[in-house]
Amino acid sequence: MLKSLRARWPGERLYLIADNFGPHKHPEVRTWAAAHNVELVYLPTYSSWLNWIESEFAALRYFALNGTDHRSHDEQDAAIGAYIRWYNQHAQPKREFAVNSKIRQPDYRRLLDEALVVDVLAETAL
C-alpha cells in the first residue's frame, strides 16, 4: 500500500496516519518511510475513535455480520460485498470534525511545549 501511495504522489511529502498496531511500527516500515519521504503519524493509544476507518468497520460488523450465522466463507463474503456496494451507492464525503474540536483547531503551541517537556524528561531519565 505504501508503494502505491508513493507512486501516486511522487515528490510530495506524505503523512500517513496509523494506529499503534505493531506491524505499523516495524523497523522495516519505519526505514522505508524515512527513505521515501513518508512521515508516519501514530494515533494515541486507546483513541481508535479518532480514526474514521474504525467507525466504518463498526458499521460493517453491525449491518453485515452481527446476528448472522453464515454457512460458508462465500456466504459471508457475499454479505460483506452487498453491504459495501450499498454503502458506496449512499456514501457522502466526510468533511467536518466537531466545530470546536481540538482535532480541527489544535493548540500547536501547547502541543509543542508538551513535546519539549517530554524530550527533556526523556533526556534526564537517561
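Of the 126 residues of the protein, 14% count as buried, where buried means under 20% relative accessible area, exposed over 50% and partly exposed in between, with a 1.4 Å probe and protein chains only. The model is a predicted one, in which local features need pLDDT of at least 70 and side-chain atom pairs count only at pLDDT 80 or more, while totals for chains, interfaces and linings use all residues. Residues are numbered from 1 along each chain as its sequence is written, and side-chain values use heavy atoms, with hydrogens and water left out.

**Exercise 1. Find how many helices and strands the protein has, and read off their pattern.**

Step 1. Helices (H or I, at least four residues) and strands (E, at least two) are DSSP runs, numbered from the N terminus.

Step 2. By this rule there are five helices and two strands.

Step 3. Along the sequence they give the pattern α-β-α-β-α-α-α.

**Exercise 2. Decide whether leucine 14 is buried or exposed, and list what it touches.**

Step 1. Start with its place: leucine 14 is in strand E1 (residues 14–18).

Step 2. Its relative accessibility is 15%, so leucine 14 counts as buried.

Step 3. Now look for contacts, meaning heavy atoms within 4.5 Å. Not counting residues up to four places away in sequence, leucine 14 touches Leu5, Arg6, Trp9, Asn37, Val38 and Glu39.

Step 4. Pick out valine 38: it is 24 residues from leucine 14 along the chain, yet their C-alpha atoms are separated by 4.7 Å.

**Exercise 3. Describe the backbone and the surroundings of asparagine 37.**

Step 1. Asparagine 37 belongs to the loop between helix H2 (27–35) and strand E2 (38–42).

Step 2. Its phi is near 60°, a positive value in a residue other than glycine. Most residues other than glycine have a negative phi.

Step 3. With a relative accessible area of 31%, asparagine 37 is partly exposed.

**Exercise 4. Find which residues line the second largest pocket, and sort them by class.**

Step 1. The lining consists of Ile53, Glu56, Phe57, Leu60, Tyr83, Ile84, Tyr87, Asn88 and Ala91. A pocket, on a 1 Å grid over the protein atoms alone, is an open set of points where a 1.4 Å probe fits, with protein on both sides within 12 Å along at least five of seven lines; lining residues have an atom within 4 Å of a point.

Step 2. Helix H3 (52–65) and helix H4 (73–90) each supply at least two residues of this lining.

Step 3. By class, the lining has seven nonpolar, one polar and one charged residues. Here Ala, Val, Leu, Ile, Met, Phe, Trp, Tyr, Cys and Pro count as nonpolar, Asp, Glu, Lys and Arg as charged, and the others, Gly among them, as polar.
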